[in-house]
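Me: I would like to learn how to read the features of a protein model with some care. Could you take me through them one at a time, giving the general idea before the particular case?

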Amino acid sequence: PRKTREWTRPDKAYDLAQILLFAVKEDRLADERPFCFRLQTPDEDHYFAVESSEEMRLWIEAVDRTTHAMIAEEKTRKFACRWKRRDAVLQLHYDKGIALLDRIDSSIL
């Protein structure tokens with residue numbers, strides 16, 4: 001984003017739980033820029049380059065902190081799924097960890 005409007009009213013927005021961010025290793029760089037990271041969303045893969053390793057560290061830490069704060073506040077996230085031909089729910093809980101539940105009676109599978 002280059003303008004204030006692009007920050008406040010983006011064309012697309014993603015839930016933080018839906019993104020994956022990681023530093024690009026030197027042997028995987030798309031060009032000669034040394035400090036790059038990727039942000040993957042359900043729809044797109046974004047490639048970013050910054051001026052220094054410090055700036056890259058700040059970007060990655062900011063996304064990590066924000067994601068952690070969102071999860072800590074929300075406490076739990078559930079995703080519909082199938083397991084062994086059964087309708088199920090994958091539950092990610094901040095305090096209790098991960099559980100796979102039956103979609104109908106919520107028993108642990």
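This is a predicted model: local features need pLDDT of at least 70, side-chain atom pairs count only at pLDDT 80 or more; totals for chains, interfaces and linings use all residues.

Me: How should I read strand pairing, and in which sense do E4 and E5 run?
Reply: Helices (H or I, at least four residues) and strands (E, at least two) are DSSP runs numbered from the N terminus, and two strands pair if DSSP finds at least two bridges between them. Here E4 and E5 run antiparallel and are joined by eight bridges, with Arg 77 standing opposite Leu 92 in E5. The two strands form a hairpin with two residues between them, and Lys 84 in the turn has a positive phi of about 50 degrees.

Me: How many bridges does E5 make with E6?
Reply: E5 and E6 pair over six bridges, in the antiparallel sense, and they form a hairpin with three residues between them. Leu 90 has Leu 100 in E6 as its bridge partner.

Me: Is Gln 91 buried or exposed?
Reply: Buried means under 20% relative accessible area, exposed over 50%, and partly exposed in between, with a 1.4 Å probe and protein chains only. Gln 91, which is in strand E5, counts as buried because its relative accessibility is 15%. Not counting residues up to four places away in sequence, Gln 91 touches Thr 76, Arg 77, Lys 78, Gly 97, Ile 98, Ala 99 and Leu 101, where contact means heavy atoms within 4.5 Å.

Me: How is a pocket defined, and which residues are closest to the centre of the second largest pocket?
Reply: On a 1 Å grid over the protein atoms alone, a pocket is an open set of points with protein on both sides within 12 Å along at least five of seven lines, and lining residues have an atom within 4 Å of a point. The second largest pocket has a volume of about 160 Å³, volume being the space filled by probe spheres set on the points, which are joined across faces, edges and corners. Of its 13 lining residues, Ala 17, Ile 71, Thr 76, Arg 77 and Leu 92 are the closest to its centre. Helix H2 (53–74) and strands E4 (76–83), E5 (86–93) and E6 (97–102) are the elements that give two or more residues to this lining.

Me: Which residues make up the largest nonpolar core?
Reply: A nonpolar core is a set of buried Ala, Val, Leu, Ile, Met, Phe, Trp, Tyr and Cys residues joined through side-chain atoms within 4.5 Å. The largest one here has five residues, Leu 21, Phe 37, Leu 39, Val 50 and Met 56. Leaving aside neighbours within four places in sequence, Leu 39 is in contact with Ile 19, Leu 20, Leu 21, Glu 44, Asp 45, His 46 and Phe 48.

Me: Where does Lys 75 lie, and what is its phi?
Reply: Lys 75 lies in the loop between H2 and E4, and its phi is near 70 degrees, a positive value in a residue other than glycine. With a relative accessible area of 33%, Lys 75 is partly exposed.

Definitions and conventions
Residues are numbered from 1 along each chain as its sequence is written. Side-chain values use heavy atoms; hydrogens and water are left out. On a 1 Å grid over the protein atoms alone, a cavity is a set of points where a 1.4 Å probe fits but cannot get out, and a pocket is an open set with protein on both sides within 12 Å along at least five of seven lines; lining residues have an atom within 4 Å of a point.
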